[in-house]
Amino acid sequence: MNANTQVLELNVEGRQVDEAVLSVFHTLLFHRSTGKFHYKNDDTYAVGTIGFQDVDCDFIDFTYVRCSSDQLDKSIKREVSGFCEAIRAPDAPPTGQVALEFYQRKRGRWPFPNESIPWEVWTLRVNVVSLNNEHERQIWREKVGESLGENLLHITDTLNKHDYIPSPPNQAEIDLIYDTAFKDVQPFLFKVNYSVSAPGNPSATTTFKKLIRDTLSL
Amino acid sequence: MSGRHLSSEDRRELARLTKILTQKIVQVVVQSRLGEKALTKSKTPAQGSDWFNLGIEDIAEIQQETKRGLGGHLPDVGKPLVVEILLRTPESDNLVLELWTLTIVETADTSPARINPTIYNRMTVLLKSLLAVTRITPAYKLSFRQGSDSFVICYRVYLGDPNYECLGDNPVTARLGQVTTPESTLVLNVGYRTQITLSPPSRPPSHDTIMLKSDHFKTEPSPRHCRRGPDRATDSSEATQASDDSQDAARLFTASPPDQPSTPRSRTNSESSGRGYVQQQQPERKLSVAFVDAKPPKPDDFFMPDIPFSNLLASTIDLQEKKCDKVEGAATNAMQENTQERGATAAAGGGDGGDNKGAMIGSDGSHKSNASAQLKDDTDFVMVELKTPFAGTSESGSHLGTFYRECQSAPPLRMFADTPEDQISDLTEQLLTFEGYVDEYDELVRSLNSDNSPSTPD
């Protein structure tokens, strides 16, 4: 199965990285969460309500909506903080990417463990810019807000296209689709991956492809 | 409408969901313009269920207005649902800010999608998208600056073609998302204004353009709220005409005048209602107008000096020099007055210090060590000397403090430095000596008088 893969690009200042990434990931999780399921029998269930709340960014002129779940908020912040610290490190390269991946589990046949199959991946390419003075920061604060707004419209348009969403499972299989660890909301299973790399540093695959292309062109 | 054949029950269910979706769309859009931060709690199924599993609390008045606007019909092909957001000034001039539309197109979903839960879940995602996007348009920020003396935001709900021309020049339109049902496709769009229009006062009233008060613009700069400042432009009269048409239908839903506390806004949740009322009464709503830059900050304001706090030292020295020219008597009076005025502060800041170093009262030079507090006489800053915990009271532990005070103090004038103290004490002795010779002086004066008396004509 091919996962629906989307790539967004963000040019932000170092101190804006956390809020920019969180605003996108929280918006995605808000769309990709349901209320808690309460099964009446194996395949009949009642669904709880997702509360929501507005979050104002401190370093960006932007407000986003997230699920009213402190537990989920802490979880995603913890996941994102590693990336933010890595990209803000003194000797870190100014670019990196962080991805929010929704996946479902498939039971593995003995002796293999369960298999994780991603069905939607959102990758943020983050470029850290450096600004000289407070005036530039003020302008950037608004620019990043506008850029996030444009990205948000792209996100909502994409999320409403219904490419693929796992079907609601029966009670026995709910943990293969949803993360049931949260007490107030129930997001689809997700994980965060990140990498911080220097610009123009070609990966082995890219180099290999280039080598083949060059060979063929001869 | 086309599409695959639906059973009458499915058709009824779909119509019902479309109706609820329509109502929720209006609720979400209008509530996002109340000037309140949304906060609803997540609930388990045992605590009750909500439509589309979203904590959208319906406001009864918006519900009534929606029903009135729809007139018992549902959005249909060629008859989209329109939620119009308007800005209204105290002079009852209106300006359309946004048009949210739910359009029905005939493209249908031919897949065997079930109404429940498939279509239901799609509608849920669409509502979530609406919640997210309502926060990114300029009117969202504008809604927090409403006030009865500046402007309020109103809304209008109707079925029919939206008039995008009333959004002025260069409006932005965007598609939030769509829900494809077995009968049709519901497309949710937004169009919003990017330019506010100001009519010049010289225009004749018959032109009926938007008039804005001269004091609508906030005096202090707030970069956070100054978006799209350079986009100012003049008006298009279409906006006004559309607004006039809508005056009757437009409903005031927030920031009503204080003499009308029973604003037509009542949430089902009393907590939310209370929150809204408190915000509404806040007096800080004197506002700047949409997309218009308030007084822009000077570029210099954003530059930090090369040496942190160097300006403090410079100002202090200037101040000290000025103070030296002042009369000592006036200084004493000023000190007494200031001591009275700021006695409370002094007690709080330096209660344990007999010499009252804790509070830097604004005396005119009488306290050299305290003078830095009055870099600007009208500021409220009070400098409090740091009492470092565990630090001894001996001079050895306060080199930094001593150095800082030395920097704050102006160098003493040379004429004072050169004045020997014994000269001052000599003056006292001289005065005493002269007093001892008072009799001799009197005698001398009398003798002078007696010498002159024979020459007088008497």
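**Close-ups of the chain A and chain B contact**

**View 1. The two chains meet.** The contact draws on 39 residues of chain A and 38 residues of chain B, where two residues are in contact if their C-beta atoms, placed from the backbone, lie within 7 Å. This is a predicted model, in which local features need pLDDT of at least 70, side-chain atom pairs count only at pLDDT 80 or more, and totals for chains, interfaces and linings use all residues. Residues are numbered from 1 along each chain as its sequence is written, while chains are lettered from A and ligands numbered from 1 in the order in which they are written.

**View 2. The chain A side.** Elements giving two or more residues to the side that touches chain B are α1 (17-31), β2 (33-35), β4 (45-47), β5 (52-56), β6 (63-67) and α3 of chain A; helices (H or I, at least four residues) and strands (E, at least two) are DSSP runs, numbered from the N terminus. The largest share, ten residues, comes from α3(A).

**View 3. Helix α3(A) beside α3(B).** The axes of α3(A) (residues 134-159) and α3(B) come within 10 Å and cross at roughly 175°. Axes are lines fitted to C-alpha atoms, for helices over the stretch in contact, and angles run from 0 to 180 degrees between N-to-C directions. The helices are therefore roughly antiparallel (over 145 degrees). Leu152(A), Leu153(A), Thr156(A) and Leu159(A) meet Val125(B), Ser129(B), Ala132(B) and Val133(B) here.

How values were computed
Angles under 35 degrees count as roughly parallel, over 145 as roughly antiparallel, 65 to 115 as roughly perpendicular and the rest as oblique.
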